[in-house]
Amino acid sequence: MTSWLLAYGSVPLCLLLGCLTVTVCAEASGSGESVCKSPAVSSCADCLRRGPQCAWCFKEDFLHGAGLSRRCGLPVNLQKQGCGPEFMEHPDVKVEVNATISSTQVSPQDISVTLRPGSEASFIVAVKQLEHYPVDLYYLVDVSASMQENLDHLKTVGVALSLRMTEHSSDLWLGFGSFVDKPVSPYINVHPSKINNPCSDYEIRCRPAHGFHHVLSMTGNMSEFTRVIKRQRISGNMDTPEGGLDAMLQAAVCQRAIGWRPEAKRLLLLMTDQPSHLALDSRLAGIVVPHDGLCHLENNVYTGSTTMDHPSLGQLSDKLLENYIYSIFAVEKQQYQWYKDLVHLLPGSFLGKLGLFQAPNLIELVVDAYKRLLSEVAVSVSVEDKALSRYWVSVSPLCPDGSTAKDQSCSGVQPDQTVYFNITIGLRSCPDDGEDEDVTVMVRPIGYNESTVVRIRSKCRCSCGSTGRCRDDNQSPCTGSGLMRDSSTDANRGCRADGADVDCSGRGVCECGRCVCDHSRLGTVYGKYCERDDFSCPYKEGLLCGGRGVCVSGECVCEDGWTGDSCGCPVSTETCQSPDGLLCGGRGRCVCGKCVCDDPQHSGDFCERCPACQSSCQSYWKCVECHLSHGLTQKEGGHCNNTCAPLVGYKDDVSGQAEEMWIQCMYISNDSCRYRFQTSSQSGQTQLHISTRPECVSSSRLVGTFLSVCALTVLCGLVVVAMSRLLMQKRKSWSPGGAAEDPDYHCTGKDLSYIPTTNEKTVTYRRDRLPDRPVEMHIQVPKMPFGDHWQC
């Protein structure tokens, strides 16, 4: 390892000076002393966490009689107070560059950084643009049925693209792969006839649907590429979105199968006419396992398509950057907006809008993307997931024209020009365990096959010289004697509770064997070890610990007879005792002074209610039937113990006990008699009372009742007929002329059917006889005078 300045002989001096000032600016701050001086500081580790400007003095006789917090301060002030630099714990922020690793595009490639909590460090990464690069272009094509015409146009691209790219690169290799969608329902039709041939309804032979099929590895043989394209056949699926992102991840991570060359610019061209499925879409097919980001190709077929979800955009972005792949999306104009929103989330992506994927359009799209890749230089900085929340990163590029870009990239970069990226990394805090930590940060120029590895070492622990004694553990100076106590019976022994690993519960300082608790704006901290307070425990009914306990180390210590997080639960189970003396009626358990029923059908204060149990009358029918067969006698009823409740009794009348605790039931015997009975489980045992008074109806009585009803119905009908006839005769007697009946009117029953109405009608019969005119016949029926009688 060597100083990081040695790696930048050609870097402008102003940039290097900018990096140096970052590590020392904090010490010049006038407010640093107030940050370091705090009664809460009781150890070297506490001091280092206060900020990068603070130092800890571990000199044995430093400031006789002073508290531990006086050992923490600015180095310049500690030195004035008699603490030499050799007795100070003050880790330096350092940046070191390994200059032994050579590179052609990105330098340096290995950097080591040492950081403290609250500190930051800067370094520079230089990215040089070369004039000519080898190019690997992998075609990833959607072969669903709607892509048939576009697939035909692709057959003429290989040779033409090779000729066009000679202007920019003399070494172009091509590869090919296809995708459709996950071969499971509901994405494809799983009918047996459709699995092997999704196009069977159209009498077309299609290939089966697949998540990703790697067809041709990278090759410089354009004839072989054209031959493979001509052999491709379309497939089919059910829904509109396709599995393009799933296939892209496999094309990126399966380095050996695809044949990506380490020295080449890597372009991944996705061709589709539909949007793509995103992460969590696979739940429609019952696939819930997240993608592991690994290669799953067997015999060039993606085997994880049916077992893992689609990758997330963040996961796909990481894999493209990790494998130095620049993605190009060739989509039809209907889907342009959908992919336009997508490419912003995938660094290094290029989007082209094409009406049809014709050869000239595809060639121009690839050439434009390649030229943009060379002219635009940007970097991506990634921190390990385990430490992502504890670090922050800032990137500031310096472009060849002297401008400083704000979007972390420079445009219009020409061959042999260099872009410098000033990268600053800061440490917010140490891990929870307070231990030192090693973290790797990757700086990847987008589209380049080289990167910079930054190894960060966080300094969170104290070494305190060769002896390792920081004088912050059971070695506090005490006032009164004027000397440090070196014996084992030191003054700090009384400041730490049994089993505790910090003095005064971490909320105070130890002064000569007694804890001096910190002041808090939230409330009062008190107790022998500062373990109690009046603000950090749960409240109940507006009172801390419900007014039935005290708050110790954030937990309620309840008074006798109470328990629970807020001391709201009585220890006694008296409130759960049912009237029969059983706990919750024998159907539950007592939790916090209330019954929790074992069976969800039961409810009530003692689990005594069971509305759903009232439908169980039928379960006692066999018991009632057994007792009836033995004559309802207690002596004979003992034979029914196997089918009956424990307690069975007989009563003359059970209807008078219709209380809430009794369920009223009825049993109908074979002789059509009804027996009432009632059940109860109030006391924990099932009781059964059977009525000894049956309700029976004889068969002869039923026949008599039926005949009486029939006779009454016939009699009522005769009365109605007689009354109607009498009314009709009276109406005739009241007719004009005063005669009840005309003596000249005598007609038989047959003649009555020919009596005409008193209206005059004309009946017309018409028959159409084409093409002649229709024939009509008219018949006149004269109106009969009202006063004339019809003569038969």
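This is a predicted model: local features need pLDDT of at least 70, side-chain atom pairs count only at pLDDT 80 or more; totals for chains, interfaces and linings use all residues.
Figure 1. The score pLDDT is the predictor's confidence in each residue, on a scale from 0 to 100. A further stretch, residues 479-489, also has a pLDDT below 50, and the model gives that stretch 13 contacts beyond near neighbours in sequence. Over the protein chain the pLDDT averages 78, and 79% of the residues score at least 70. Residues are numbered from 1 along each chain as its sequence is written, and side-chain values use heavy atoms, with hydrogens and water left out. Local features need a pLDDT of at least 70 and side-chain atom pairs count only at pLDDT 80 or more, whereas totals for chains, interfaces and linings use all residues.

**Figure 2. The largest nonpolar core has 77 residues.** A nonpolar core is a set of buried Ala, Val, Leu, Ile, Met, Phe, Trp, Tyr and Cys residues joined through side-chain atoms within 4.5 Å. Buried denotes under 20% relative accessible area, exposed over 50%, and partly exposed the range in between (1.4 Å probe, protein chains only). Tyr139, Leu154, Leu161 and Leu269 have the most contacts inside this core. Helix H13 (residues 359-375) supplies the largest share of the core, 9 residues. Helices (H or I, at least four residues) and strands (E, at least two) are DSSP runs numbered from the N terminus. When residues up to four places away in sequence are not counted, Leu161 touches Leu137, Tyr139, Leu172, Leu174, Ile363 and Val366. Another core, of 31 residues, lies apart from this one and includes Met248, Leu268, Ile325 and Leu351.

**Figure 3. Helices H6 and H8 cross at roughly 150°.** The axes of H6 (residues 157-165) and H8 (residues 222-230) come within 8 Å. These axes are lines fitted to C-alpha atoms over the stretch in contact, and angles run from 0 to 180 degrees between N-to-C directions. The two helices are therefore roughly antiparallel to each other; angles under 35 degrees count as roughly parallel, over 145 as roughly antiparallel, 65 to 115 as roughly perpendicular and the rest as oblique. Gly158, Val159 and Ser162 in H6 meet Met222, Phe225 and Thr226 in H8. The residues of this contact comprise 3 nonpolar, 3 polar and no charged. In this scheme Ala, Val, Leu, Ile, Met, Phe, Trp, Tyr, Cys and Pro are nonpolar, Asp, Glu, Lys and Arg are charged, and the others, Gly among them, are polar.

Figure 4. Pro186 is placed in the loop between strand E10 (172-179) and helix H7 (192-195).

**Figure 5. Asn299 and Cys567 have positive phi values.** Phi is near 55° in Asn299, a residue other than glycine, and Asn299 sits in the loop between strand E13 (297-298) and strand E14 (301-302). Asn299 is exposed, at 76% relative accessibility. Cys567 likewise has a phi near 55° and belongs to the loop between strand E31 (562-563) and strand E32 (569-570). Cys567 is buried, with a relative accessible area of 0%.

Conventions:
Contact means heavy atoms within 4.5 Å.
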